[in-house]
Amino acid sequence: KPGEHKHSKEPSSLPCMHLAVVACGDRLEETLIMLKSAVLFSNRRLCFHIFAEDSLKPEFEKKLKEWPSSYTKKFEYNIYPITFSVGNAQEWKKLFKPCAAQRLFLPVILKDVDSLLYVDTDVLFLRPIDDIWHILKEFNSTQLAAMAPEHEIPKIGWYSRFARHPYYGTTGVNSGVMLMNLTRIRNTQFKNSMIPSGLTWEEMLYPLYQKYKNYITWGDQDLLNIIFYFNPECLYVFPCQWNYRPDHCMYGSNCKGAEEEGVSILHGNRGVYHDDKQPTFKALYEVIRDSLYYPLQSKFLDTVHTLCGRIPQVFLKQIEKTMKKVYENRVIVYLGANHRY
């Protein structure tokens, strides 16, 4: 309506939202589909920070240039090599999945970036990034990062049953979606189990790895859990719908936030976009890959016999709401361009 929102800034005039991802091996297509989901639904401009093996850089540049102008006008990007500022680069590179440890070094590398959302390549946005970006404003004076719990139920959680090292809270946290105030991270002295005084983020990483490397299973995620075990006041915990994984439905539905609001960010770990073990996850991946939104409900009808498919509203509620808003915004823009008030 004319005059509405006249006191708010246009999304395009606001500073961009920074999104980082690390891609190695065969993760090119998965990463591009994640970036596509970010572009499709976000309102503000995006700045992508893509960390990739040298062999993938030309492919990323080629594919991103092939995107239509309606996409490319909404983002800018930089592609960085895989680098580790402290310790043995080969050790870091082999920690858990190839290059995954790169995320630990983002505060050190992106010195001019204030805040950042890091996601794994197997993440899909089902609503605007703007909505999770707003969580930065909810941080109190000591919080500098946000993650979701690794599990909702301690008795079936991995950390609470098997971890041989300290971890955050009762179930640990999952680092596949991590919102960070990099300025605060760079300026903080972190409590640790190595020396009585505090250490900066960069000073802490390699000694921490050396101390716990024989006890960690999930690589960099375990190191983050150890850091926030000793510094719990630094972490903001956001609800499970912002990092929804197969674990939230394959043992029965255990993410109340997703039941109420729908999934906001889908995290298809365990390779579920590429096999037939969790068809609901694969269906959403293929819908965004192919930009075919309207058969979404019919695709889900084919999965209702599966553990996660029994709760289709959890997967559909948020993305349908988001698509409705996108459609309405486009209609308003179209009408505004073709009608005089």
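**Exercise 1. Find how the axes of helix H1 (residues 28–41) and helix H12 (residues 279–290) cross, and which residues make the contact.**

*Solution.* Start with the axes: those of H1 and H12 come within 9 Å and cross at roughly 75 degrees. Here axes are lines fitted to C-alpha atoms, for helices over the stretch in contact, with angles from 0 to 180 degrees between N-to-C directions. Helices (H or I, at least four residues) and strands (E, at least two) are DSSP runs, numbered from the N terminus.

Next, classify the angle. Under 35 degrees counts as roughly parallel, over 145 as roughly antiparallel, 65 to 115 as roughly perpendicular and the rest as oblique, so H1 is roughly perpendicular to H12.

Then list the contact (heavy atoms within 4.5 Å). H1 contributes Glu29, Glu30, Ile33, Lys36, Ser37 and Leu40, while H12 contributes Tyr285, Ile288, Arg289 and Asp290.

A word on the source: this is a predicted model, where local features need pLDDT of at least 70 and side-chain atom pairs count only at pLDDT 80 or more, while totals for chains, interfaces and linings use all residues. Residues are numbered from 1 along each chain as its sequence is written, and side-chain values use heavy atoms, with hydrogens and water left out.

**Exercise 2. Work out the strand order of the open sheet and which strands stand at its edges.**

*Solution.* First, the order: the seven strands run E3-E2-E1-E4-E7-E6-E8, with mixed pairing. Two strands pair if DSSP finds at least two bridges between them.

Second, the edges: E3 (75–80) and E8 (235–237) each have a single partner strand, so one side of each lacks a neighbour in the sheet. On average, neighbouring strands are turned by 25 degrees against each other, direction ignored.

Third, look inside: E4 (residues 115–119) and E7 (residues 173–181) run antiparallel and are joined by five bridges. Tyr118 has Met178 of E7 as its bridge partner.

**Exercise 3. Explain which parts the salt bridge of Glu76 and Arg45 ties together.**

*Solution.* Apply the rule: a side-chain nitrogen of Lys or Arg within 4 Å of a carboxyl oxygen of Asp or Glu. The count comes to 13 salt bridges. Glu76 and Arg45 meet in a salt bridge at 3.4 Å, N to O. Glu76 lies in E3 and Arg45 in the loop between H1 and E2, so the pair ties together parts 31 residues apart in sequence.
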